[in-house]
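Please look at the sequence and the structure below.

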Amino acid sequence: MLTACCVLALGLVQGAPPDSAILHISNRAIVVFHAPLGALAPTERALAARARLLGALEAGAHPDSVTVRAVPEGRLLLLDGRPVFTVTPADADTAAGNSLDDQVALVAARLRLGLAEELEARSLAGLLTALGLALLATLALALIGRLLVRAHARMTIGVDATALRRLPHLRLRGFTLIERDQLRRAVRAALTAGFWLAGLVAGYVYVAYVLTRFPQTRQWGEALGEYLVGLLAGIVGESIRAVPGLLTVAILLLLARAVARLVTAFFRAVENETIRIPGIHADTAAPSRRIAVAVVWLFAVAVVYPFIPGSDTASFKGVSVFAGLLITLASTGVLGQAMSGLVVMYTRALRVGDYVEVGEVEGVVSQVGLLSTKVQTTKLVEVTVPSALLLSRSINNLSRLRGDQGIILHTTVTIGYDAAWRQVHELLGAAARNTEGLRPDPPPFVRQRALSDFYVEYELNAYTLMPERRIELLSALHQNIQDLFNQYGVQIMSPHYEGDKDRPVVVPPARWYPPPVPRPPEDGP
């Protein structure tokens with residue numbers, strides 16, 4: 001008997017502070033003895049109190065017969081008139097503001113409950129009743145699990161059937177973000193997670209209920225139940241407390257959206273030249289709109305942040321710092337490209353539809369963005385030029401200054417000194433006039449750029465309103481120059497001249513269409 005009591009005492013004092021002992025009745029903590037009483041240490045006090053309580057129960061004492069009497073040492077608790085243990089002021093936690101009598105009243109209530117459970121544990125009828133209820137709970141859990149499995153199977157079949165017939169692809173401006181099959185799998189995964197959660201909750205409730213049926217485990221079941229109820233109450237309470245903040249966030253975001261739309265409408269009017277504002281050009285309205293809208297939303301986020309539920313917690317602040325660090329590290333190069341793009345936009349070096357030369361790239365601008373500019377070449381190749389590279393190169397805009405006259409298309413030929421320069425001027429002008437796409441008015445003109453050792457360098461300049469056809473027009477112009485110069489026997493000295501030959505290096509008209517070149521209908525016999 002003494003050995004059993006010592007083993008029990010070791011279990012009773014687990015969880016107690018050092019030099020303290022907890023009195024347990026039916027696995028329920030009744031009181032903590034912090035100080036010795038007379039010659040008895042706290043552990044001895046707990047063992048003696050438990051022995052007196054169990055002896056009183058065996059003698060037929062009823063749990064409701066617990067009474068309290070004031071004694072010089074503190075408060076004496078009695079069971080059916082028999083003294084069982086004393087609670088001293090050193091045992092009471094008076095630091096929390098409760099008096100000794102309040103602490104003892106709580107101890108007496110715990111003692112009545114623990115003694116009642118101890119009697120219940122010794123009752124065969126109570127044990128059988130608990131086993132019956134636990135069996136019914138097990139059958140109910142099995143039924144709920146079966147119903148959940150069937151409901152999951154039916155809903156999965158319904159989702160598959162709906163996805164094959166009704167669910168659309170999730171698209172954004174023609175780009176498919178989520179396909180129907182991906183959406184179906186996501187819905188199925190969400191359903192499976194929901195049913196697993198329902199099953200886990202049912203199992204949790206089952207375990208808590210079964211534990212509360214038996215006196216020895218009732219305290220554990222009550223702890224599980226209190227935790228679940230506290231968790232649900234906390235979630236509901238936090239949700240209710242978050243409603244004002246969420247409403248404030250929604251109102252502020254709606255106001256920011258309205259301001260962003262107003263700013264967008266204003267700059268679009270400037271871009272369409274419906275509104276003219278000094279200092280704001282139509283070409284720079286688009287980047288100004290993006291910057292203004294970004295500023296509006298950044299200001300809105302800064303104002304909204306304190307009203308977001310949980311924004312003052314350490315975890316939320318840690319996530320915010322982590323996100324800011326990632327954005328800072330990832331945007332180092334991006335910000336440089338964006339600033340270069342803004343410089344290009346605000347200098348109005350180019351715009352959509354302009355025919356430009358950027359380094360080795362030549363073509364029509366199809367898109368001007370912050371990070372890059374897209375140029376479509378005459379070979380139908382879209383070249384993406386990064387903004388930083390665009391800013392470091394000279395941009396030749398062949399469309400910006402064409403006005404009503406157009407741009408000047410020029411080419412150079414070298415002719416020997418034995419050809420009269422007046423004839424060369426006339427032939428070059430005639431070749432330009434014969435080229436479709438070059439304007440006869442203003443008339444083309446010729447400049448003699450250099451008098452070299454063996455030839456004269458002539459530059460032909462002609463106007464065109466179609467800079468995007470520049471390469472095609474140059475090709476046609478070169479063909480006409482060759483034809484006219486060959487027709488009149490004037491030798492072109494390009495690309496390299498070493499000495500005079502016996503006869504001019506020309507192609508007479510009779511040899512313009514050698515086989516298999518077809519002869520045009522107008523040149524027929």
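In this predicted model, helix H11 passes helix H12 in a right-handed crossing.

**The crossing of H11 and H12**
- The axes of H11 and H12 (residues 470-487) come within 8 Å and cross at roughly 135 degrees.
- The two helices therefore count as oblique to each other, because roughly antiparallel would need an angle over 145 degrees.
- On the H11 side, the contact is made by Val-424, Leu-427, Leu-428, Ala-430, Ala-431 and Ala-432.
- On the H12 side, these residues meet Leu-477, Asn-480, Ile-481, Leu-484 and Phe-485.
- Of the residues in this contact, 10 are nonpolar, one is polar and none is charged.

**Thr-435**
- The side chain of Thr-435 reaches back to the backbone oxygen of Ala-431, at 2.8 Å.
- Apart from neighbours within four places in sequence, Thr-435 is in contact with Leu-473, Ala-476, Leu-477 and Asn-480.

**Ile-157**
- With a relative accessible area of 60%, Ile-157 is exposed, because the cut-off is over 50%.
- Ile-157 and Arg-188 are 31 residues apart along the chain, and 9.5 Å separates their C-alpha atoms.

Definitions and conventions. Residues numbered from 1 in each chain as written. Predicted model: local features only at pLDDT ≥ 70, side-chain atom pairs only at ≥ 80, totals over all residues. Heavy atoms only, no water. Polar contact = N/O pair within 3.5 Å; in protein donor to acceptor, adjacent residues only side chain to side chain. Contact = heavy atoms within 4.5 Å. Axes fitted to C-alpha atoms, helices over the stretch in contact; angles between N-to-C directions. Helix = DSSP H or I, 4+ residues; strand = E, 2+ residues; numbered from the N terminus. Parallel < 35°, antiparallel > 145°, perpendicular 65-115°, else oblique. Left-handed = near helix turned anticlockwise from the far one by under 90°. Nonpolar A, V, L, I, M, F, W, Y, C, P; charged D, E, K, R; others polar. Buried < 20%, exposed > 50% of the residue type's maximum accessible area, 1.4 Å probe, protein only.
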